[in-house]
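Visitor: I have not looked at this one before. Can you take me through a few of its details?

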Number of protein chains: 2
Amino acid sequence: MSAEIMSREAETMNWEPRFASRAAGMRTSEIRDLLRVVDQPGVTSFAGGIPDSALFPLADIRNAYQAVLADDASASRALQYSASEGDPALREWIVGYMGRKGVACEPENILITNDAQQGLEFLCKLFLSAKDTALVTAPTYLGALQAFSAYEPVYDDLRLADTNRTALSYRDAAAAAQGAVKFAYVVPDFSNPTGETLSLQARRDLLRLAGELDIPIIEDNPYTDLRYDGEDVPAIQSLDLANCGSINASRVIHCGSFSKVFTPGLRVGWICASSAIINRLILIKQASDLNSSAINQAVAVYLATQLFDEQVKKARESYRLKRDAMLNALAAYMPEGSHWTRPEGGLFVWLTLPEGFDSVSLLQKAIAEYGIAFVPGPAFFADGRLRNTLRLSFSLPDIAGIDAGIRRLAALVRSEQRL
Amino acid sequence: MSAEIMSREAETMNWEPRFASRAAGMRTSEIRDLLRVVDQPGVTSFAGGIPDSALFPLADIRNAYQAVLADDASASRALQYSASEGDPALREWIVGYMGRKGVACEPENILITNDAQQGLEFLCKLFLSAKDTALVTAPTYLGALQAFSAYEPVYDDLRLADTNRTALSYRDAAAAAQGAVKFAYVVPDFSNPTGETLSLQARRDLLRLAGELDIPIIEDNPYTDLRYDGEDVPAIQSLDLANCGSINASRVIHCGSFSKVFTPGLRVGWICASSAIINRLILIKQASDLNSSAINQAVAVYLATQLFDEQVKKARESYRLKRDAMLNALAAYMPEGSHWTRPEGGLFVWLTLPEGFDSVSLLQKAIAEYGIAFVPGPAFFADGRLRNTLRLSFSLPDIAGIDAGIRRLAALVRSEQRL
């Protein structure tokens with residue numbers, strides 16, 4: 001047998017037993033595998049929670065890169081290693097932005113991250129030991145569950161609407177799981193995946209519960225500027241500051257992002273929190289990837305200072321029409337027995353089908369026979385419950401595509417109901 | 001007392017007890033605090049292990065961003081979310097690059113990371129449970145220790161030159177520390193911090209030891225293309241492939257970077273390994289920050305395909321002169337009793353002062369009175385040993401600055417010897 005043939009037949013190593021115990025929580029999901037195929041022509045995707053690239057301010061982004069690279073001194077700075085905490089001018093702009101949201105803070109309270117996802121990764125790295133409890137809404141953001149799960153926590157349901165859970169019951173459950181409650185995680189505005197917004201009362205209740213448990217609240221707020229109607233509800237961090245008096249005394253940790261308003265291509269987000277937390281997170285940032293791309297941060301400064309309000313206005317107008325198209329189509333086509341959320345902003349509608357529907361198996365049929373895709377609801381639960389739910393994103397298809405796609409979804413649901 | 005005054009006096013929360021146990025390993029170092037001040041005018045810095053920004057190919061980088069953003073379709077792709085595993089064209093280029101290094105592989109063997117540092121972070125996340133043992137050379141790369149330490153490992157010295165450690169002794173020591181040996185980590189070419197290159201024999205010895213221990217080798221190779229004289233030594237991964245026959249059977253995990261040849265501003269590096277490992281790392285990438293910046297990856301493709309060889313040549317010529325200047329100055333000025341490495345490439349010289357010198361306290365005097373900076377040796381040891389050593393980087397000062405700076409360093413050493 002030639003060496004070449006032997007080499008092709010070489011056995012691969014069995015890596016599983018060599019991994020850390022946390023690797024067991026990192027399996028790929030059947031849902032992710034299904035959604036790999038939605039980029040086909042002919043499929044209308046309501047799956048991806050991603051911004052519409054038609055809204056990217058391309059001319060301004062071209063100008064921004066050109067401006068940053070224009071003279072050699074500025075270009076060299078933008079292409080060198082840079083401060084782990086982030087670009088000073090960008091942190092300064094975010095201080096102003098957070099101030100307008102009612103959060104008085106200083107640059108020492110801001111860490112630049114590779115978008116909000118890296119912020120979540122850092123926060124669970126900082127807070128979660130194995131068997132500690134993370135309080136999450138059910139459903140919650142899929143990416144948060146992915147980030148948290150690598151640190152082997154236990155999940156408990158964060159319930160804000162009913163009162164059958166007390167601080168004591170959370171604490172007892174965490175102790176029974178051999179850990180402590182370490183934080184509560186929420187997406188307060190136009191939540192991923194439901195599109196719902198926490199009421200002022202729910203925010204106050206959450207602050208009271210977090211106070212009783214003496215835990216931090218992670219307020220993940222990437223959609224907050226995409227409001228299409230209704231009134232702004234104050235950020236949880238701003239409500240806390242009104243009580244505790246200063247950001248450095250606050251238990252709320254706010255994660256923000258430029259991805260939904262501008263572009264995810266820059267990979268720029270931030271964490272706003274007590275400097276005691278930011279100082280630890282800077283060490284985590286150093287150890288994780290030294291710093292975020294300096295050139296992309298400089299471009300973010302350019303875009304934020306030149307056109308933030310204008311870009312928010314443009315995005316709101318476009319997404320409002322798409323949201324209306326989706327809600328109108330759902331009302332027009334969906335058969336009896338289903339219900340859905342009516343978001344005031346963001347990118348998502350949460351659809352609940354009649355009991356007995358299985359959105360995971362429905363997705364296969366939807367892609368193959370109806371040319372539509374969505375994310376099955378179980379992806380957004382730590383325990384995969386509520387198989388009769390699904391997330392619809394209205395950000396990508398155009399108005400006609402939304403109408404036609406929801407009409408096909410309704411036809412699929414109707415045909416399944418007949419079976 | 002007014003509300004405003006109260007707010008300023010509000011007590012900050014005591015966060016320490018709320019953190020995960022791993023946070024104890026994330027303290028900032030006295031050395032890092034000292035080095036914060038080296039960016040002053042009048043200080044010649046031999047401290048930062050960073051590339052010379054005068055070598056950044058600015059015109060090509062401007063052209064690259066312009067080309068990627070030129071038409072709307074390409075720009076929109078470059079600014080959208082993208083595949084966690086990385087840009088297909090970039091992975092394809094790296095496949096060719098690794099092939100030229102003797103590592104036959106496929107795109108499925110490549111993950112794009114935010115530079116090599118993120119690769120190290122992901123690998124310790126994948127392999128290290130608390131109390132597991134990481135084998136590292138002493139000294140080793142400071143950033144690797146920072147990345148690993150968050151996962152609470154035990155360190156053991158990887159000795160490649162002497163033979164008083166056997167696989168059994170490593171295994172026994174790891175078991176006594178209540179864990180297992182999980183990997184060996186090396187920077188084989190022009191190492192950070194010593195500038196030394198592992199000999200072919202040392203690489204073969206390491207592969208044999210790793211085989212006996214049945215562990216992976218992490219080969220961190222960001223400086224490999226910056227060779228100024230001598231002959232290339234084959235990558236450890238290529239030596240392993242010559243034995244085991246295929247990348248998917250290899251126990252070597254190779255980390256690469258575009259930061260030293262092109263620019264660190266893109267934050268683009270990669271891991272080349274068995275697809276069984278890459279598949280797990282893709283899940284870690286998703287959970288950590290979803291994907292690396294698509295626009296920066298597209299720029300990396302442009303630069304790599306247009307001018308890699310030319311840029312390597314330019315960097316080699318410039319750094320060779322600087323290395324020569326540093327070695328000549330050390331020979332000319334340093335008093336008896338000190339010795340140093342003579343690197344064939346990379347950015348670093350490792351200086352050993354006579355017994356009794358303390359490079360940490362020396363640094364304070366060096367910055368304040370002699371206008372020079374370096375990194376004290378203890379930073380590169382998990383246990384802070386060898387306080388009479390220090391790392392000198394020749395990448396940033398110009399030739400005259402290197403000569404003058406080493407002359408001042410020699411004067412400082414001489415004055416301390418007289419005390």
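Predicted model: local features only at pLDDT ≥ 70, side-chain atom pairs only at ≥ 80, totals over all residues.

Visitor: OK. At what angle do H3(A) and H3(B) pack?

Guide: About 180°, with the axes 10 Å apart. Axes here are lines fitted to C-alpha atoms, for helices over the stretch in contact, and angles run from 0 to 180 degrees between N-to-C directions. Helices (H or I, at least four residues) and strands (E, at least two) are DSSP runs, numbered from the N terminus.

Visitor: So what do you call the arrangement of H3(A) and H3(B)?

Guide: H3(A) and H3(B) are roughly antiparallel. Angles under 35 degrees count as roughly parallel, over 145 as roughly antiparallel, 65 to 115 as roughly perpendicular and the rest as oblique.

Visitor: Which residues make the contact of H3(A) with H3(B)?

Guide: A:Ile61, A:Arg62, A:Tyr65 and A:Leu69 on H3(A), and B:Ile61, B:Arg62, B:Tyr65 and B:Leu69 on H3(B). Contact means heavy atoms within 4.5 Å. By class there are six nonpolar, no polar and two charged residues. Ala, Val, Leu, Ile, Met, Phe, Trp, Tyr, Cys and Pro count as nonpolar, Asp, Glu, Lys and Arg as charged, and the others, Gly among them, as polar.

Visitor: And how do H3 and H12 of chain B cross?

Guide: H3(B), residues 58-69, and H12(B), residues 294-333, have axes that come within 9 Å and cross at roughly 125°. H3(B) and H12(B) are therefore oblique to each other. Residues of that contact include B:Ala64 and B:Val68 of H3(B) and B:Val299 and B:Leu303 of H12(B). The residues of this contact divide into twelve nonpolar, two polar and one charged.

Visitor: New topic. Is A:Asn296 buried or exposed?

Guide: A:Asn296 is buried, at a relative accessible area of 0%. Buried means under 20% relative accessible area, exposed over 50%, partly exposed in between (1.4 Å probe, protein chains only). A:Asn296 sits in H12 of chain A.

Visitor: What does A:Asn296 touch?

Guide: Leaving out residues up to four places away in sequence, the residues touched by A:Asn296 include A:Tyr65, B:Tyr65 and B:Asn296.

Visitor: How many residues of H6(B) are buried?

Guide: 13 of the 13, so H6(B) is largely enclosed by the rest of the structure. H6(B) covers residues 115-127 and reaches 19 Å from its first C-alpha to its last, close to the 18 Å expected. The expected span is 1.5 Å times one less than the number of residues.

Visitor: Where are the cis peptide bonds you have for chains A and B?

Guide: One joins A:Ala138 and A:Pro139, with omega about 5°. Another runs from B:Ala138 to B:Pro139, with omega near 10°. A:Pro139 is in the loop between strand S3 and helix H7 of chain A.

Visitor: What about phi of A:Gln178 and B:Phe190?

Guide: A:Gln178 has phi near 70°, a positive value in a residue other than glycine. B:Phe190 is not a glycine either, and its phi is positive at about 50°. A:Gln178 is exposed, with a relative accessible area of 60%, whereas B:Phe190 counts as buried at 1%.

Definitions and conventions
Residues numbered from 1 in each chain as written. Chains lettered and ligands numbered in written order. Heavy atoms only, no water.
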